[in-house]
Amino acid sequence: MSRNPTKSRPGLAPPPTAFAPATGTAQRKATAAPTKPGAIPAPPTAFGPKPASSVQRAKAGASSFAPPPTAFGPPSAAMQRLAAPAAPRFVPPPIASAARPGAGVVQPLLQITDAGKFFDNEAQAIDYLTQRYRQILQGKGSMRALTPDENGRIKFLAAAAKDPRMVYPIASLQQAMGYIEAATSFPSIAYDRYPDRTPERVNDDATDWGFTYFTQDTVPTRYDIPQSPQHYSLFDDQQVRQYQQLHLEQEMSEVQYGIDIWKQDYATKSHLGLNHYAYNLRIDYRLSELEAFTDLSGEISYAQSSTNPPSNKKESTGSTFYTSTGFIPSQAKKGRKIDVRTNMKTKIQDLYDNYRTGSFAETYMFNQARPPNYFVNAEAKSIGTRYFHSEVQAASDMNGARKVARDAVDQVVAEAQKFIGSKTAMFSLVVTAVTIVGFSDSRTVCGNCCKIALADLAKTLETEVNTYLATQKTVAGNLKVRRSRFFSVSSHVGALMDITGSTVGAVVNTGTPSLSHHCVHEYKP
């Protein structure tokens, strides 16, 4: 769900493929407001009504500027639960694991079902496979030594015993011997003992957020969101991937359209500054029915159902509309504005104290040394022109950002439970990406501290999504929630027109835009 108004207005509609020119929204060619096919009905009442976008909240006369949450678990504990390390591939390096002490993994060749063999020790697996293969050679009248290739294939199979997470069962010893002899592969599906624990991640969450300004005069039509395989196997050619897609140009146009609707029909004109900003928070995820497998050690593992394919889904929630003053403007007709000057000064001080790194160190904010707590103690009118901008206002509304994040996660879990219904099978909910899609109306992000503010906002949203997502692990007994091995968080912002200094504080990229973890991507108008 995003800012798609329930009815279109003559003379005001989102551009179908590109942003409107800077000549004003009233001159745009009228088209139907973008709609999403297959709209999802309201989730079960246990989660409350599905959160509305900012435009819909404005029509209802409500603001998304929310009080702080009343309760949720400590972030450190939540993140530890969310990010238990494990390796998803068949030959991982030794890593710490929550598996039972001393246990490895049942494997396709090392749990050899018809032979009743189960190995959790690589050396023992090598000895067993080598002895059985020698017996086959002796049965053929050969006493030769094993070739390097044969020894290599034995080690390849035995290496699965080092994996503390995945279980690779095979049906027969004959399949193992056939692979050792002639590299003949066989059907192989890996089963996961811990479907609610995030595997070892490809992207590093410890990296700082950055800001890249792309000089190409267009917003990418589409990004592919990387995904892990639908199921793992010993053999790479049996691992199937299905990429999710982020239609960025369309989604950014929707945010722009929502700002236009709000400015013209719902905002109090005297509340508005020179620039405005809003964003949608989007969560992409994969929902899969799981099949259970009981290995020879008696433990249960899970894999993607062989009969019901996974479903790729997304949910999104809209933010408050922000403006370049010290007051969050009214979100509905005759609504009130909220004084956030103190919050904004505190946030600006935080940005000054903590973001003098990388390209951000080149922003105008750091051109002059400031005494401790300079911005906190400054008169609002003395710093407002340079620093009270819409992006800074959005970053200072941390309670509003947290509410957006929790609303989006609630939508994801509610939709998953609706999808499961009364089924008793185990299901896996794997979050693949979190994307912040914003729009700056009408100018690009300035070189004072607004670039830093958008990075800080993205960090707040990421932290809240991860923390709150961890609390959902116990929502349903048959729903396993985790992040993907390729999980990424990115932010994107577009504008109608460029301004002087738009590249200050950014890494300038003249090439083709690419999706990067922990990066705010701005696209030249």
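**Group meeting talk: a walk through a predicted model**

Hi everyone, let's start at histidine 389, which is buried at a relative accessible area of 16%; buried here means under 20%, exposed over 50%, and partly exposed in between, with a 1.4 Å probe and protein chains only. Before going on, a word on the source: this is a predicted model, where local features need pLDDT of at least 70 and side-chain atom pairs count only at pLDDT 80 or more, while totals for chains, interfaces and linings use all residues. Residues are numbered from 1 along each chain as its sequence is written, and side-chain values use heavy atoms, with hydrogens and water left out.

So where does histidine 389 sit? You'll find histidine 389 in the loop between helix 9 and helix 10. Helices are DSSP runs of H or I with at least four residues, strands are runs of E with at least two, and both are numbered from the N terminus. A polar atom of the histidine 389 side chain lies 3.2 Å from the backbone oxygen of arginine 386. Setting aside neighbours within four places in sequence, histidine 389 is in contact with Thr323, Ser324, Met344, Gly384, Cys446, Asn448 and Cys450. Contact means heavy atoms within 4.5 Å.

Helix 7 covers residues 341–354, and at 1.5 Å a residue its 14 residues should span 20 Å; the end C-alpha atoms are 20 Å apart, so the two agree. The expected span is 1.5 Å times one less than the number of residues.

Helix 7 packs against helix 12 at an angle of about 95°, with the axes 10 Å apart. That makes helix 7 roughly perpendicular to helix 12. On the helix 7 side the contact is made by Lys347, Asp350 and Leu351, and on the helix 12 side by Ile452, Ala453 and Asp456. The axes are lines fitted to C-alpha atoms, for helices over the stretch in contact, and angles run from 0 to 180 degrees between N-to-C directions. Under 35 degrees counts as roughly parallel, over 145 as roughly antiparallel, 65 to 115 as roughly perpendicular, and the rest as oblique.

Now, on to the strands. Why is strand 6 described as largely enclosed by the rest of the structure? Four of the five residues of strand 6 (residues 210–214) are buried, so that is what encloses it. Strand 6 runs parallel to strand 18 (residues 519–523), joined by five bridges, with glycine 210 standing opposite cysteine 519. Strand 6 also pairs in the parallel sense with strand 17 (residues 507–509) over three bridges, and there phenylalanine 214 has asparagine 509 as its bridge partner. Two strands pair if DSSP finds at least two bridges between them.

There is also an open sheet of three strands, in the order 2-1-4, with mixed pairing. Strand 2 (117–118) and strand 4 (169–170) stand at the edges with a single partner strand each, so one side of each has no neighbour in the sheet.

To zoom out, the chain has 12 helices and 18 strands, and 55% of its 525 residues are buried.

Key: A polar contact is a pair of N or O atoms within 3.5 Å; within protein, one must be able to donate a hydrogen and the other to accept it, and residues adjacent in sequence count only if both atoms are side-chain atoms.
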